[in-house]
Amino acid sequence: MLNWIPAFLMRAQHMPLSALALWFAPAAGLSMGIGIFGGGALVNAFARRSPRAYALIPALAALALIPLFVAALLVRSWPVSLALMVVPMICCTIYVAPALALVQNLTPPRGRATASAFMLLVFNLVGLGGGPLAVGMVSDAARAALGADSLRLALMCIAPAALLAALAQYAMSRTVTADLDAVSKEATP
């Protein structure tokens with residue numbers, strides 16, 4: 001999502017490059033920072049009551065981004081589109097801090113660096129490699145029929161992926177407490 005928003009704003013919404021630099025760059029940077037930090041802070045606050053927060057907060061964020069992201073893709077004004085994208089840009093990064101914390105909490109100390117490295121590798125291969133590639137392929141395939149709107153269609157394909165992510169997080173929420181309890185019992189002599 002984040003890799004293709006600038007191209008979408010310029011191609012489909014006709015946002016000038018100067019406006020992209022002035023408005024998108026700060027919006028994206030602040031949104032991602034708020035999402036990552038906010039996701040960690042929310043999980044820290046709610047995990048005290050239930051470890052399910054490690055999964056439920058990212059699941060809710062994934063669900064929350066869907067309608068606003070779709071709305072941002074459907075409007076025909078770049079200022080409105082960009083404004084609507086702020087919340088989805090926050091929501092799409094909320095999972096990062098909880099995921100890193102959960103890997104640390106579920107992994108024995110001697111394996112934490114490797115587990116974190118593997119998780120970051122998967123984040124990069126899937127999220128920064130496979131996701132943008134898939135969006136680009138869909139956009140290219142639809143370009144002859146839709147022109148610049150092919151990227152709009154390709155980005156719409158992210159909504160089902162976000163729904164699947166939310167469902168996976170929800171499924172994880174059903175086992176995370178038992179997983180953390182098992183690790184805690186193993187660590188106790």
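Q: At what angle do helix α5 and helix α6 pack, and how far apart are their axes?
A: Good place to start! In this predicted model, helix α5 (residues 96-106) and helix α6 (residues 112-146) pack at an angle of about 150°, and their axes lie 9 Å apart. Angles over 145 degrees count as roughly antiparallel, so α5 is roughly antiparallel to α6.

Q: What is the hand of the crossing of α5 and α6, and which residues make the contact?
A: The crossing is right-handed. From α5, the contact uses Ala99, Leu100, Val103 and Gln104, while α6 brings Arg112, Ala115, Ser116, Met119, Leu120 and Phe123. Sorted by class, seven of these residues are nonpolar, two are polar and one is charged. When you look at the numbers, keep a general idea in mind: an α-helix has 3.6 residues a turn, so residues three or four places apart point the same way.

Q: Let me step back. How many helices and strands does the protein have?
A: There are nine helices and zero strands. Reading along the sequence gives the pattern α-α-α-α-α-α-α-α-α. The C-alpha atoms fill a box of roughly 65 × 30 × 25 Å along the principal axes.

Q: What share of the residues is buried, and what share of the contacts joins residues 24 or more positions apart?
A: Of the 189 residues, 37% count as buried. Among contacts with a separation of 6 or more, 71% are between residues 24 or more positions apart.

Q: Which residues touch the most other members of the largest nonpolar core?
A: That core has 41 residues, and Phe69, Met89 and Leu155 touch the most other members. Two or more core residues come from each of α1 (5-11), α2 (17-47), α3 (53-74), α4 (78-91), α7 (149-156), α8 (158-173) and α9 (176-187). The most come from α3, which gives nine residues.

Q: Could we follow one of them? What does Met89 touch?
A: Leaving out residues up to four places away in sequence, Met89 touches Met1, Leu2, Ile5, Phe24, Ala27, Ala28, Ser31 and Leu82.

Q: Which residues of α7 are buried, and what covers them?
A: In α7, the buried residues are Ser150, Leu151, Arg152, Ala154 and Leu155. Their cover includes α1, α3, α6 and α8.

Q: Where is Pro160, and why does Pro160 count as partly exposed?
A: Find Pro160 in helix α8. A residue counts as partly exposed when its relative accessible area is between the buried cut-off of 20% and the exposed cut-off of 50%. Pro160 is partly exposed because its relative accessibility is 48%. The C-alpha atoms of Pro160 and Ile66 are 8.4 Å apart, although 94 residues separate the two along the chain.

Q: And where is Met10, and what is Met10 in contact with?
A: Met10 belongs to helix α1. With a relative accessibility of 33%, Met10 also counts as partly exposed. Setting aside neighbours within four places in sequence, Met10 is in contact with Met15, Leu17 and Leu20. From Met10 to Ser81, 71 residues away along the chain, the C-alpha separation is 11 Å.

Notes: Residues are numbered from 1 along each chain as its sequence is written. This is a predicted model: local features need pLDDT of at least 70, side-chain atom pairs count only at pLDDT 80 or more; totals for chains, interfaces and linings use all residues. Side-chain values use heavy atoms; hydrogens and water are left out. Axes are lines fitted to C-alpha atoms, for helices over the stretch in contact, and angles run from 0 to 180 degrees between N-to-C directions. Helices (H or I, at least four residues) and strands (E, at least two) are DSSP runs, numbered from the N terminus. Angles under 35 degrees count as roughly parallel, over 145 as roughly antiparallel, 65 to 115 as roughly perpendicular and the rest as oblique. A crossing is left-handed if the near helix is turned anticlockwise from the far one by less than a right angle, and right-handed if clockwise. Contact means heavy atoms within 4.5 Å. Ala, Val, Leu, Ile, Met, Phe, Trp, Tyr, Cys and Pro count as nonpolar, Asp, Glu, Lys and Arg as charged, and the others, Gly among them, as polar. A nonpolar core is a set of buried Ala, Val, Leu, Ile, Met, Phe, Trp, Tyr and Cys residues joined through side-chain atoms within 4.5 Å. Buried means under 20% relative accessible area, exposed over 50%, partly exposed in between (1.4 Å probe, protein chains only).
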